[in-house]
Amino acid sequence: MGASARQDTLPTIWRIPDDLWLIVQYVLPREELQRSRGRPWIAPRCILDGVLYVLRTGCQWKAVPREFGSGSTVHRRFQSWVERGVWEAMWDLVVQYYDAAESLEWTWQSADASLHKAPLGGKKTGPNPTDRAKSGTKRHVLTDGGGVPIGLAITAANTPDKTALAELLDSRVIRPPAHTEQHLCLDKGYDYADAEEAVRRRRFLSHIRRRGEERRHCRRGERARRWVVERTHSWFNRFRKLLIRWEKKPQNYLALVQFAAVLIVWRLVG
């Protein structure tokens, strides 16, 4: 059953499922899968569960329960995996698994962004125009026709959506088959000539809806398509660690978003 057809409520994932572990373990550093001398060895699956606990609850790293190891150990291994590109590779692998099992809906894709507070600042943060110019960040998401996240990008809160569109489209972890017709649904924040040019260069057909236009089309019985990316943003917002960016390093925050994408895609399989 595809993502667009799922109507049932899926259970929240608090521990890495066995089936998911069998897939993602192949992108982890091989030396971490074997016991080593020196410091007490903590299995990578335990570390992964610890990161998942932080992602779900939004707690500080030092508040991680001892059953996952010390907070400093979990955070150190998390950052090590960020530097090795593990989180993006994990997301890539799970999206490929979904495509093989369910088939991605390439014809109609959607993109949008959401704003989030970033009290500690750091790179890729800026004055939030919707929060009295307080420090904030913006999360950009590209989905297939069923809402599966296939592209992600992080920018400062004051970055126009259209400016990050090329980076977002280039961030796709998987590409469609050759000669696939691709339509891209966007809101009025992308209604600019340079945004349309970026879309054309990547062989998309753009569909930019202005205020109220989509509602009028729905009243005439036409199918709305851009809502799937709004739903995907709501799925991301269920991970409390993503609601407020406490990570100063943008690559750490992006890694958490990528890990959330892994869990979102996995819940849509089957």
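# Reading the terms in a predicted model

Reader: Why is Glu197 called partly exposed?
Author: Glu197 has 29% relative accessibility. Buried means under 20% relative accessible area and exposed means over 50%, with partly exposed in between (1.4 Å probe, protein chains only).

Reader: What makes Glu197 and Arg200 a salt bridge?
Author: A salt bridge is a side-chain nitrogen of Lys or Arg within 4 Å of a carboxyl oxygen of Asp or Glu. The closest N and O atoms of Glu197 and Arg200 are 2.8 Å apart, so the pair meets the cut-off. Both residues lie in helix H6, 3 residues apart, about one turn of the helix. Arg200 is partly exposed, at 49% relative accessibility. A network of salt bridges links Glu197, Arg200 and Arg201.

Reader: How many salt bridges does the whole structure hold?
Author: The search finds 9. Among them is Arg84 with Glu31, whose closest N and O atoms are 2.8 Å apart. Arg84 is in helix H3 and Glu31 in the loop between H1 and H2, 53 residues apart. Glu31 has 47% relative accessibility, which puts this residue in the partly exposed class.

Reader: Why is the pair Arg202 and Asp170 said to tie together parts of the chain?
Author: The closest N and O atoms of Arg202 and Asp170 are 2.8 Å apart, and the two form a salt bridge. Arg202 lies in the loop between helix H6 (193–201) and strand E6 (204–208), and Asp170 in helix H5, so the pair ties together parts that are 32 residues apart in sequence. Arg202, at 23% relative accessibility, counts as partly exposed, and so does Asp170 at 42%.

Reader: What is the nearest side chain of opposite charge to Arg172, and how far away is it?
Author: The nearest is Asp170, 6.6 Å away. Lys and Arg count as positive and Asp and Glu as negative, with His and the chain ends not counted. The distance is beyond the 4 Å cut-off, so this pair is not a salt bridge. Arg172 is buried and has no salt bridge. The residue lies in the loop between helix H5 (165–170) and strand E5 (182–186). Its contacts (heavy atoms within 4.5 Å) include Trp106, Leu142, Ile150 and Phe204, not counting residues up to four places away in sequence.

Reader: Why is strand E4 called largely enclosed?
Author: Strands are DSSP runs of E with at least two residues, and helices are runs of H or I with at least four, both numbered from the N terminus. In E4 (residues 149–156), 8 of the 8 residues are buried, so the strand is largely enclosed by the rest of the structure. E3 is mostly covered, with 8 of its 9 residues buried.

Reader: Which other strands pair with E3?
Author: E1 (residues 108–117) runs antiparallel to E3 and is joined to it by 8 bridges; Ser114 stands opposite Arg139. E2 (residues 126–127) pairs with E3 over 2 bridges, also antiparallel. The partner of Pro127 in E3 is Ser135.

Reader: What makes the length of helix H4 close to expected?
Author: The expected span is 1.5 Å times one less than the number of residues. H4 (residues 86–101) has 16 residues and reaches 22 Å from first C-alpha to last, close to the 22 Å expected. Its buried residues, including Trp87, Trp91 and Tyr98, pack against H1, H2, H3, E4 and H10.

Reader: How many disulfides are there?
Author: There are 0; a disulfide is a pair of cysteine sulfur atoms within 2.5 Å. Cys185 is buried at 7% relative accessibility, whereas Cys46 is partly exposed at 22%.

Key:
Residues are numbered from 1 along each chain as its sequence is written. This is a predicted model: local features need pLDDT of at least 70, side-chain atom pairs count only at pLDDT 80 or more; totals for chains, interfaces and linings use all residues. Side-chain values use heavy atoms; hydrogens and water are left out. Two strands pair if DSSP finds at least two bridges between them.
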